[in-house]
Amino acid sequence: MSLLLNIIWLVFGGFFVSMGYIAGGIALCFTIIGIPWGFQCFKLAIFALFPFGQDTRMKDNPAPQDLINIILNIIWLVFGGIWVMINHIFWGIVLCITIIGIPFGLQHFKMVKLALWPFGRQIYSTNGDGLF
């Protein structure tokens, strides 16, 4: 079922969401200072391609770089993450207005977690296939 929903997602906008994240990631990686945020855009792009059957969570084991992740997340939030989050909330609400759009709106709400705080999060499969 998630394969069918992922195909419908791709055809009706998921591909363009992913391409937007890839374009942003490439633009950020052109600058030396933006490379860590560019990689997070690529993480969002992968998640935006196939959101059904996947979710995000914080990494299980706390690492010494947690303070760095917090600082990078705050910079992400201030310089664009809030707008990415608002965008996903907006489209989640718009899609949940119709009955047929509810599953797709819920995927936008699921992307809010990753868009708000991407450093230190990982994408995993909810189908039991292991980590993505």
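Reader: What does helix 1 span between its end C-alpha atoms?
Author: Helix 1 covers residues 2-30 and spans only 35 Å between its end C-alpha atoms. A straight helix of 29 residues would span 42 Å at 1.5 Å a residue. The expected span is 1.5 Å times one less than the number of residues. Helices here are DSSP runs of H or I with at least four residues, strands are runs of E with at least two, and both are numbered from the N terminus.

Reader: Where is the kink in helix 1?
Author: The kink is centred on Leu10 and is about 70 degrees. That bend is the angle between axes fitted to the seven residues ending at a residue and the seven starting there.

Reader: Before we go on, what kind of model is this?
Author: This is a predicted model, in which local features need pLDDT of at least 70, side-chain atom pairs count only at pLDDT 80 or more, and totals for chains, interfaces and linings use all residues. Residues are numbered from 1 along each chain as its sequence is written, and side-chain values use heavy atoms, with hydrogens and water left out.

Reader: Back to helix 1. Which residues are buried there?
Author: Leu5, Asn6, Trp9, Gly14, Ser18, Tyr21 and Gly25. Buried means under 20% relative accessible area, exposed means over 50%, and partly exposed is in between (1.4 Å probe, protein chains only). Their cover includes helix 2 (35-49), helix 3 (66-96) and helix 4 (102-116).

Reader: Which residues form the nonpolar patch on the surface?
Author: Met1, Leu3, Leu4, Ile7, Ile8, Val11 and Phe12, with about 800 Å² of accessible area together. Patch members have over 30% relative accessible area and no salt bridge; nonpolar side chains (Val, Leu, Ile, Met, Phe, Trp, Tyr) are joined within 5 Å, like charges within 9 Å. The areas come from the Shrake-Rupley method with a 1.4 Å probe, and for residues only the protein chains shown count as cover.

Reader: And Met1, buried or exposed?
Author: Exposed, with a relative accessible area of 75%. Met1 sits in the segment before helix 1.

Reader: New topic. How many salt bridges are there?
Author: A search of the whole structure finds 1. The side chains of Asp55 and Lys113 form it, at 3.0 Å, N to O. Asp55 is in strand 1 (residues 54-58) and Lys113 is in helix 4, so the pair ties together parts 58 residues apart in sequence. The term needs a side-chain nitrogen of Lys or Arg within 4 Å of a carboxyl oxygen of Asp or Glu.

Reader: What about helix 2, how far does it reach?
Author: Helix 2 has 15 residues and reaches 21 Å from first C-alpha to last, close to the 21 Å expected. Its buried residues include Trp37, Gln40, Lys43 and Phe47. The buried residues of helix 2 pack against helix 1, strand 1, helix 3, helix 4 and strand 2 (121-125).

Reader: And helix 3, where does it bend?
Author: At Gly80, by about 70 degrees.

Reader: What is Trp76 in contact with?
Author: Leaving aside neighbours within four places in sequence, Trp76 is in contact with Trp37, Gln40, Cys41, Leu44, Gly81, Ala115, Leu116, Pro118 and Phe119. Contact means heavy atoms within 4.5 Å. Trp76 lies in helix 3 and counts as buried, at 8% relative accessibility.

Reader: Phe79, buried or exposed?
Author: Exposed, with a relative accessible area of 71%. Phe79 lies in helix 3.

Reader: Last one. Where does Gln122 lie?
Author: In strand 2. Gln122 counts as buried, at 17% relative accessibility.
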